[in-house]
Amino acid sequence: MRPGILLIMFLTILTVSGTSCKRNRYRINTSHINVSVSITRLEKDLFTADPGRVPELVPELKARYGGFLQLFSYVINTGNVNDPSFPDFLVRFCTDKLNNEVYADVMKRFSDTDQLQKGLEDAFRHYMYYFPARKIPAVYTCITGFNNSIITGDSVLGISLDRYLGAGCDYYKRLQIYKYLSDRMTPDYIVPDCVYGWVMSEWPFDSAGYKADNVLAEMIHEGKLKYLEKCLLPDASDELIFGFSPEQLKFCRNNESQIWQYMVEHNLLFNTEQFTIRKLTGEAPFTSFFTNESPGRAAVWTGFRIVEAFVKNSGIKPEELMKKTDIQDILQKARYSPK
């Protein structure tokens, strides 16, 4: 065999081996699962209606939107939809000059929801693969005066599109929304935010049944939610899943051992103070226990890494993972020891 041919064959083997080593462990075949997501657009029904007819349209809106209309009303501060004053409050919302400007911008950015529908259908196909007995929520879009990004309720998932107009949106600057938040207020984050919002509502911390509410329990719980989010969005980047910039993600990967060691040495894991828990797992420009290069919620990354190791070592399936409440058993079986 000629040396040139031998070299090519050797390189080919290396390429195939390298590709197989990088196989996405979260990717599964869901082509056999039929899921249909229909997105109903409340903002269109409200802002294309004749304001004078809005009060008489309320019964129709109640019938069309069911429980979501009440959730939406609470978010925009118009009270109970059955109160006599509700139609008047709704008219004020629909005739507000700024709200109409925002609606026009939303329609420019989201003239249709085809891509959003496709993304949600793919995510919920994975959801039904792992949780076949659960139901897919009805999906609605709206604008909320920039109040909420994702609205969840019983079998309901709402998306406030005015919260996804793009990082450089002038409204966000005028509202003085922190940059670390507005950087994630882009269309790319809609599906990941929907998935996280939905799984968080399906598996809330308060009803999970953990023995204690401390840093470690919240880290693990958030880690479980993020693990599940990756299962439902196997092709999404970690930047989108965790809301980190590339530099912040690099920080977490390069300093995984130091983050864990710091929390252990400073006795943070079993700390029950809500202030400390929020500083490690809550939204922030960075995690104040670490450096300014760290992302906020850096401890959530650690919680995810523990859960990922636990799943790998135990072979547990997502459905059982979400029922697992023995934090010490998870930690022990994860054998988490970053280097």
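The secondary structure of this chain comes to 18 helices and four strands. The model is a predicted one, and the mean pLDDT of the chain is 93, with 94% of the residues reaching 70 or more. Of the 339 residues of the chain, 49% count as buried. The C-alpha trace spans about 80 × 60 × 40 Å along its principal axes.

**Confidence and overall organisation**

- Over residues 1–21, pLDDT stays under 50. For this stretch the model has two contacts beyond four places in sequence.
- Where pLDDT is low, predicted coordinates should not be read in detail.
- Among the contacts in the chain with a separation of 6 or more, 65% are between residues 24 or more positions apart.

**The nonpolar core**

- The largest nonpolar core contains 106 residues. Phe72, Leu90, Leu120, Ile159 and Met263 are the members that touch the most other members.
- Helix 11 (residues 215–232) supplies the largest share of this core, namely ten residues.
- In soluble globular proteins, nonpolar side chains tend to be buried together.
- Residues up to four places away in sequence aside, Leu120 touches Val37, Ile39, Val139, Ile159, Val191 and Cys194. One of these contacts, Ile159, is also listed with Leu120 among the core residues that touch the most other members.

**Helix 13 and helix 14**

- Helix 13 covers residues 246–254 and helix 14 covers residues 256–265; their axes come within 4 Å and cross at roughly 65 degrees. Helix 13 is therefore roughly perpendicular to helix 14.
- On the side of helix 13, the residues that meet helix 14 are Phe251, Cys252, Arg253 and Asn254. Their counterparts in helix 14 are Glu256, Gln258 and Ile259.
- The residues of this contact divide into three nonpolar, two polar and two charged.

**Buried residues in loops**

- Phe244 lies in the loop between helix 12 (238–242) and helix 13. Its relative accessible area is 4%, so Phe244 is buried.
- Not counting residues up to four places away in sequence, Phe244 touches Tyr189, Glu239, Leu249, Cys252, Pro295, Gly296, Arg297 and Trp301. Among these, Cys252 also takes part in the contact of helix 13 with helix 14.
- Phe244 and Asn24 are 220 residues apart in sequence, and their C-alpha atoms are 20 Å apart in space.
- Thr144 is found in the loop between strand 2 (138–142) and strand 3 (150–153). With a relative accessible area of 1%, Thr144 is buried.
- Apart from its neighbours within four places in sequence, Thr144 is in contact with Phe72, Val75, Ile76, Phe93, Ile151, Ser160 and Asp162. Of these, Phe72 is one of the core residues that touch the most other members.

**Residues with positive phi**

- Most residues other than glycine have a negative phi.
- Arg297 is not a glycine, yet its phi is positive, at about 65 degrees. Arg297 lies in the loop between helix 15 (274–281) and helix 16 (298–314).
- The relative accessible area of Arg297 is 13%, so this residue is buried. Arg297 is also one of the residues touched by Phe244.
- Asn77, likewise a residue other than glycine, has a positive phi near 70 degrees. Asn77 is found in the loop between helix 4 (67–75) and helix 5 (86–95).
- Because its relative accessibility is 69%, Asn77 counts as exposed.

**Charged residues in helices**

- Is Lys179 buried or exposed? At 60% relative accessibility, Lys179 counts as exposed. The place of this residue is in helix 9 (residues 179–182).
- Lys179 and Glu229 are 50 residues apart in sequence, and the C-alpha to C-alpha distance between them is 24 Å.
- Glu202 is found in helix 10 (residues 190–202). Its relative accessible area is 26%, so Glu202 is partly exposed.
- Leaving aside neighbours within four places in sequence, Glu202 is in contact with Tyr127 and Arg134.
- Glu202 and Asp154 are 48 residues apart along the chain, and their C-alpha atoms are separated by 9.2 Å.

Terms used: Residues are numbered from 1 along each chain as its sequence is written. Side-chain values use heavy atoms; hydrogens and water are left out. Axes are lines fitted to C-alpha atoms, for helices over the stretch in contact, and angles run from 0 to 180 degrees between N-to-C directions. Helices (H or I, at least four residues) and strands (E, at least two) are DSSP runs, numbered from the N terminus. Angles under 35 degrees count as roughly parallel, over 145 as roughly antiparallel, 65 to 115 as roughly perpendicular and the rest as oblique. Contact means heavy atoms within 4.5 Å. Ala, Val, Leu, Ile, Met, Phe, Trp, Tyr, Cys and Pro count as nonpolar, Asp, Glu, Lys and Arg as charged, and the others, Gly among them, as polar. pLDDT is the predictor's confidence in each residue, from 0 to 100. A nonpolar core is a set of buried Ala, Val, Leu, Ile, Met, Phe, Trp, Tyr and Cys residues joined through side-chain atoms within 4.5 Å. Buried means under 20% relative accessible area, exposed over 50%, partly exposed in between (1.4 Å probe, protein chains only).
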